[in-house]
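Biologist: I have just opened this one and would like to be walked through it slowly. Could we bring it up and start with a single residue?

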Amino acid sequence: MPQTTLRIPTRGQGLYEFTEKASAFVRQSGILEGLLTVFVRHTSCSLIIQENADPDVQTDLKHFFQRLVPPSDDASMRWMIHTTEGPDDMPAHVKSALTQVSIGIPVMAGRLALGTWQGIYLFEHRDRPHQREVVLHLSS
């Protein structure tokens, strides 16, 4: 079974698209029908499939999650205990728990079965830059 690990550098909170890298992996495998499993190896970021045509969608999602789960030094979040790694750490874990760390995408005719406007994103929930690892596993 083909498998690889992508390293995705982030510059802080936001969405980082890697659809083309995943598509290239599927093409290079030669597998025509199967399932691509995408898994992120971290607990303070997540994966989403989202619109990739209008960047306003990404901006609005980032702002929505910032409002939904503000930093732990926000007055509304002072109940948080895990604050050792900074005010963005525990909120990042919560955001990750609300989204997903693994996605399955069907492969049809040697291509990802994504819709026209769908892209695969790493959703970084921490403020500082990170080097994230995403495992791609293709089964037929």
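Modeller: Let us start with Phe123, which is buried, with a relative accessible area of 3%. Please keep in mind throughout that this is a predicted model.

Biologist: Okay, and how many aromatic pairs does the structure hold?

Modeller: There are two aromatic pairs in the structure. In one of them, the ring centres of Phe64 and Phe65 are 5.4 Å apart and the planes stand at 85°, which is over the 60 degrees required, so this pair counts as edge-to-face.

Biologist: And how is Phe65 placed, buried or exposed?

Modeller: Phe65 is buried, its relative accessible area being 11%. The ring of Phe65 also pairs with that of Phe123, again edge-to-face, with 5.3 Å from centre to centre and 90° between the planes. This second pair links distant parts of the chain, since Phe65 belongs to helix H2 (residues 55-68) and Phe123 to strand E7 (residues 118-124), 58 residues apart.

Biologist: Which residues form the aromatic cluster, then?

Modeller: Phe64, Phe65 and Phe123 form one aromatic cluster.

Biologist: Which residue caps the N-terminal end of H2?

Modeller: That is Asp54, which has a side-chain oxygen 2.9 Å from the backbone nitrogen of Asp56.

Biologist: Now the sheet. What is the order of the three strands in the open sheet?

Modeller: The order is E2-E7-E4, and the pairing is antiparallel. Strand E2 (14-17) and strand E4 (45-51) are the edge strands, each of them pairing on one side only. On average, and with direction ignored, neighbouring strands of this sheet are turned by 40° against each other.

Biologist: Over how many bridges do E2 and E7 pair?

Modeller: E2 and E7 pair over four bridges, in the antiparallel sense. Gly14 stands opposite Glu124 of E7, and Tyr16 stands opposite Leu122, likewise in E7.

Biologist: And how many bridges are there between E4 and E7?

Modeller: E4 and E7 are joined over seven bridges, also in the antiparallel sense.

Biologist: Why is E7 described as largely enclosed by the rest of the structure?

Modeller: Six of the seven residues of E7 are buried, so the strand is largely enclosed by the rest of the structure.

Biologist: Changing topic: what pattern does the protein chain follow along the sequence?

Modeller: The protein chain has three helices and eight strands, and read along the sequence these follow the pattern β-β-α-β-β-α-α-β-β-β-β. Of the 140 residues in the protein chain, buried residues make up 41%. Among contacts with a separation of 6 or more, 80% are between residues 24 or more positions apart. The C-alpha trace spans about 50 × 30 × 20 Å along its principal axes.

Biologist: What about helix H1, which of its residues are buried?

Modeller: In helix H1 (residues 19-29), the buried residues are Thr19, Ala22, Ser23, Ala24, Phe25 and Val26. Gly30 follows H1, and the phi of Gly30 is positive, near 80°.

Notes
Residues numbered from 1 in each chain as written. Predicted model: local features only at pLDDT ≥ 70, side-chain atom pairs only at ≥ 80, totals over all residues. Heavy atoms only, no water. Phe/Tyr/Trp six-rings, centres within 6.5 Å; stacked < 30°, edge-to-face > 60°. Buried < 20%, exposed > 50% of the residue type's maximum accessible area, 1.4 Å probe, protein only. Helix = DSSP H or I, 4+ residues; strand = E, 2+ residues; numbered from the N terminus. Pairing = 2+ DSSP bridges. Axes fitted to C-alpha atoms, helices over the stretch in contact; angles between N-to-C directions. Polar contact = N/O pair within 3.5 Å; in protein donor to acceptor, adjacent residues only side chain to side chain. Contact = heavy atoms within 4.5 Å.
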